[in-house]
Protein chains: 2
Amino acid sequence: MDLMERRIDGETLYEGKIVKLVVDHARLPDGTVAIREVVYHPGGVGVLALDDNGNVPLVKQFRYPLQKLLLEIPAGKLEPGEDHALAARRELSEETGFEADEMTYLGYTLASPGFCDEALHMYLARGLRRTGQHLDEDEFLDVVSVPFDELVRQVMDGTITDAKTVAITLKTKVLLGL
Amino acid sequence: MDLMERRIDGETLYEGKIVKLVVDHARLPDGTVAIREVVYHPGGVGVLALDDNGNVPLVKQFRYPLQKLLLEIPAGKLEPGEDHALAARRELSEETGFEADEMTYLGYTLASPGFCDEALHMYLARGLRRTGQHLDEDEFLDVVSVPFDELVRQVMDGTITDAKTVAITLKTKVLLGL
């Protein structure tokens, strides 16, 4: 079956600092017309940094859409045109104060492909050296060091709910056989 | 440190069929004011259905925001007020034509908590019985049966990129020791 949906026309309803909202008319495979609401996002990077003692620095921050504190891997949005490997090193350094000798690319995930194009590139960082945290001016977070085993436990028991943190933790566990 | 951000005022810029876009002013922990762009989403459910032969029905569909076909677990949005356990049974049945004797809740993930409140509830379905697919009228997809081992391989090698499919596949692998 041809599953493709073809754009007819559309309108950009909002273009902000983070998201752009576009509402299109699209022609469906059966010829009918449907509305497609799309949120465009620059994409981002997330880093699981595993130190030589098996600990992982996580960041605790207030997530405004949920109105609560969440524990997540260090992560951030891509700047326009930025290479995601460099962005991963930048976010790790800014948020946790670590630099890494070794960065392994673990692929990307699409956060919610039904309405949004956001891709999140994942890196496993090893060979960590401490430099110093230097947050963006509107960024407030605490860094918490968690043993990798404990991180896996918190992912499996539902304490950690952030999708990128779940994905990168379990990918790392399977990859390294931990 | 107090990490909380407090809403000052805001405006709803769009309220559509799937998403609502709100732009707020919020007071940050240091007293400054920032703009917070928030996409509200009704949340959803996703189901990994494992049959007695170790195969998993996946759905291949055109994802308009990415303009490509993706392979994902059967999933769908919550109706207003709908119980997520019932929604999981409904989506599994509608999209793949399977009903399940046993549904195990695997927790939820937050798709992209920096700008969106979407929560995705995950279920592992076992004891499958085939009834019959009955799609929504604007839904077009193919069902593909994939051995669980092959699904894990495609998650690990980056062929499968949908975040909920990555999370539920690896949670199931760890939970069942597969």
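Predicted model: local features only at pLDDT ≥ 70, side-chain atom pairs only at ≥ 80, totals over all residues.
Residues are numbered from 1 along each chain as its sequence is written, with chains lettered from A and ligands numbered from 1 in the order in which they are written. Local features need pLDDT of at least 70 and side-chain atom pairs count only at pLDDT 80 or more, while totals for chains, interfaces and linings use all residues; side-chain values use heavy atoms, leaving out hydrogens and water.

Start with the contact between the chains. The size of an interface is often given as the accessible area lost when the parts come together. For chain B and chain A, the buried area (accessible area, with a 1.4 Å probe, that two parts lose on being put together, summed over both) comes to about 5900 Å², and carbon and sulfur atoms account for 69% of it. On the chain B side, E37(B), Y64(B) and F140(B) supply 14% of the area buried against chain A, more than any other three residues. Counting contacts (heavy atoms within 4.5 Å), 66 residues of chain B touch 66 residues of chain A.

As for specific pairings, there are 0 salt bridges between chain B and chain A, a salt bridge being a side-chain nitrogen of Lys or Arg within 4 Å of a carboxyl oxygen of Asp or Glu. Polar contacts do turn up, with 18 residue pairs across this interface, both residues at pLDDT 80 or more. Here a polar contact is a pair of N or O atoms within 3.5 Å; within protein, one must be able to donate a hydrogen and the other to accept it, and residues adjacent in sequence count only if both atoms are side-chain atoms. The largest share of the chain B side, 9 residues, comes from α3(B); helices (H or I, at least four residues) and strands (E, at least two) are DSSP runs, numbered from the N terminus. By class, that side has 37 nonpolar, 9 polar and 20 charged residues, where Ala, Val, Leu, Ile, Met, Phe, Trp, Tyr, Cys and Pro count as nonpolar, Asp, Glu, Lys and Arg as charged, and the others, Gly among them, as polar.

Within chain A, domain 1 covers 6-40 and domain 2 covers 44-176, with bounds from an automatic or database domain assignment. Their C-alpha centres lie 31 Å apart. About 430 Å² is buried between the two domains, 54% of it from carbon and sulfur atoms. In domain 1 of chain A, I18(A), V39(A) and Y40(A) lose the most area to domain 2, together 69% of what that side buries. Between these domains, 2 residue pairs are in polar contact, both at pLDDT 80 or more.

Now the two aspartates. D162(A) sits in the loop between α2 (148-156) and α3 (163-176) of chain A. D162(A) is buried, with a relative accessible area of 1%; buried means under 20%, exposed over 50%, and partly exposed in between (1.4 Å probe, protein chains only). The D162(A) side chain makes polar contacts with the side chains of K164(A) at 2.9 Å and T165(A) at 2.5 Å. Beyond neighbours within four places in sequence, D162(A) touches L71(A), E72(A), L110(B) and P113(B).

D117(B), in turn, lies in the loop between β8 and β9 (119-130) of chain B. The side chain of D117(B) reaches the backbone nitrogen of H41(B) at 2.8 Å. Neighbours within four places aside, D117(B) contacts P65(A), L66(A), V39(B), Y40(B), H41(B) and L110(B).
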